[in-house]
Amino acid sequence: MESSTYSIISEASYRCGECPMWDVQNQTFYWSDMLAGELFSYRPASKEIQKIAQGKNVSGFTLNKNGGFVCATHQGLYLWDAVHGWRLLADSCQGQVLHCNDAAADPMGRFLFGTTFYGQTVGDDFERGRLYSVDSDGSLTILDEGFGLSNGIAFSPDQKTLYVTDTYTREIYAYDYQAATGRISNKRVVVKIPDYEGIPDGMTVDAEGFLWSALWYGYGIVRCDPDGCIERKIHIPSGQTSSVMFGGEELTDIYVTSSAEVVRHSIAPQGYDFNAPHNGRVYCIHTDIKGLPEYAADIKGGIQV
């Protein structure tokens, strides 16, 4: 694992820093403390950090073209903006509650997210989650089912491949993706993280088409080629590294979130030291690799709550 030149964006000990997001237009970085139910912003130009929202356990969110964010939360699917606050889109779908995890927007403005019902348990006896797509009018479509712990979602640079992480199985799947219709097909495993490594969590894709995954319990992030071969590992001084995203003026900075609250998952690597440093800081790694701007969702509607 290679060392990195990084800066610490925030020294705060976030219970579970998650879902980093970069706003290209406003040159602003966003993230959540998922367990504390708070959203934050950071402007590199001024070094200013602000808490901008609270009240929902946001596990994945994107910019919304209509303003504010589309948020996947533990309480369901919401819109949020500074004027209206939280507006509910849905809290269940076809008999299953929307206990959401990670999310991303697609090239046409759909909002994709997964659900999970995995807890700090041993064994396979728990409800499996789904992968959903949300259209502009707020209607939901089930894209796939059977996820143990649905996590990072990203698209290839040519928009033809959708990548989705299942942390529970330690796998990252690829699907053929039709951006015009939002349909998926040809599911296959492209990355399999060994049992002795950390477990794959949040994810993004760079301009060369390489996948970047945070390794919870892995003290770092990995870069994999489109065939799934690990090209490099970069060390982060926090055991529970949760997610990764490109940002900065040239999209050559890598923002990494981490979690301070210790989570004793049964799928942790054997011998993992749960008493190791779990500081919950937010990091920025300076690199010569260029990322891609994330897509914004285009979702309307919602019931004010």
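## Strand pairing, core and aromatic pairs in a predicted model

Y272 has a relative accessible area of 13% and is therefore buried, where buried means under 20% relative accessible area, exposed over 50% and partly exposed in between (1.4 Å probe, protein chains only). The model is predicted, so that local features need pLDDT of at least 70 and side-chain atom pairs count only at pLDDT 80 or more, while totals for chains, interfaces and linings use all residues. Residues are numbered from 1 along each chain as its sequence is written, and side-chain values use heavy atoms, with hydrogens and water left out.

**Aromatic pairs**

- Across the whole structure, a search finds 25 aromatic pairs; rings of Phe, Tyr and Trp (its six-membered ring) pair if their centres lie within 6.5 Å, and planes under 30 degrees apart count as stacked, over 60 as edge-to-face and the rest as tilted.
- The ring centres of W22 and Y255 are 5.8 Å apart and their planes stand at 15 degrees, so this pair is stacked.
- Because W22 belongs to strand β2 (residues 17-23) and Y255 to strand β25, the pair ties together parts that are 233 residues apart in sequence; helices (H or I, at least four residues) and strands (E, at least two) are DSSP runs, numbered from the N terminus.
- W22 is buried at a relative accessible area of 4%, and Y255 is buried at 2%.
- Y217 and Y272 form a tilted pair, 4.7 Å centre to centre with 55 degrees between the planes.
- Y217 sits in the loop between β21 (211-216) and β22 (220-224), and Y272 in the loop between β25 and β26, so that the pair links distant parts of the chain, 55 residues apart.
- One aromatic cluster is formed by Y14, W22, F29, W31, F40 and Y255.

**Strand β26 and its partners**

- In strand β26 (residues 282-286), four of the five residues are buried, which leaves the strand mostly covered.
- Strand β1 (residues 6-10) runs antiparallel to β26 and is joined to it by four bridges; two strands pair if DSSP finds at least two bridges between them.
- Strand β25 (residues 253-258) also pairs with β26 in the antiparallel sense, over five bridges.
- V282 in β26 has S10 opposite, and T257 also stands opposite V282.

**The open sheet**

- An open sheet with antiparallel pairing is formed by four strands in the order β12-β13-β14-β15.
- β12 (100-105) and β15 (140-147) stand at the edges with a single partner strand each, so one side of each is left without a neighbour in the sheet.
- β12 pairs with strand β13 (residues 111-115) in the antiparallel sense over four bridges, and A104 stands opposite L112 in β13.

- Leaving aside neighbours within four places in sequence, F113 is in contact (heavy atoms within 4.5 Å) with residues including A72, L77, L98, Y132, L140 and I153.

**Cysteines**

- The structure holds zero disulfides, a disulfide being a pair of cysteine sulfur atoms within 2.5 Å.
- For C19, the nearest cysteine sulfur is that of C71, 8.1 Å away, and C19 counts as buried at 4% relative accessibility.
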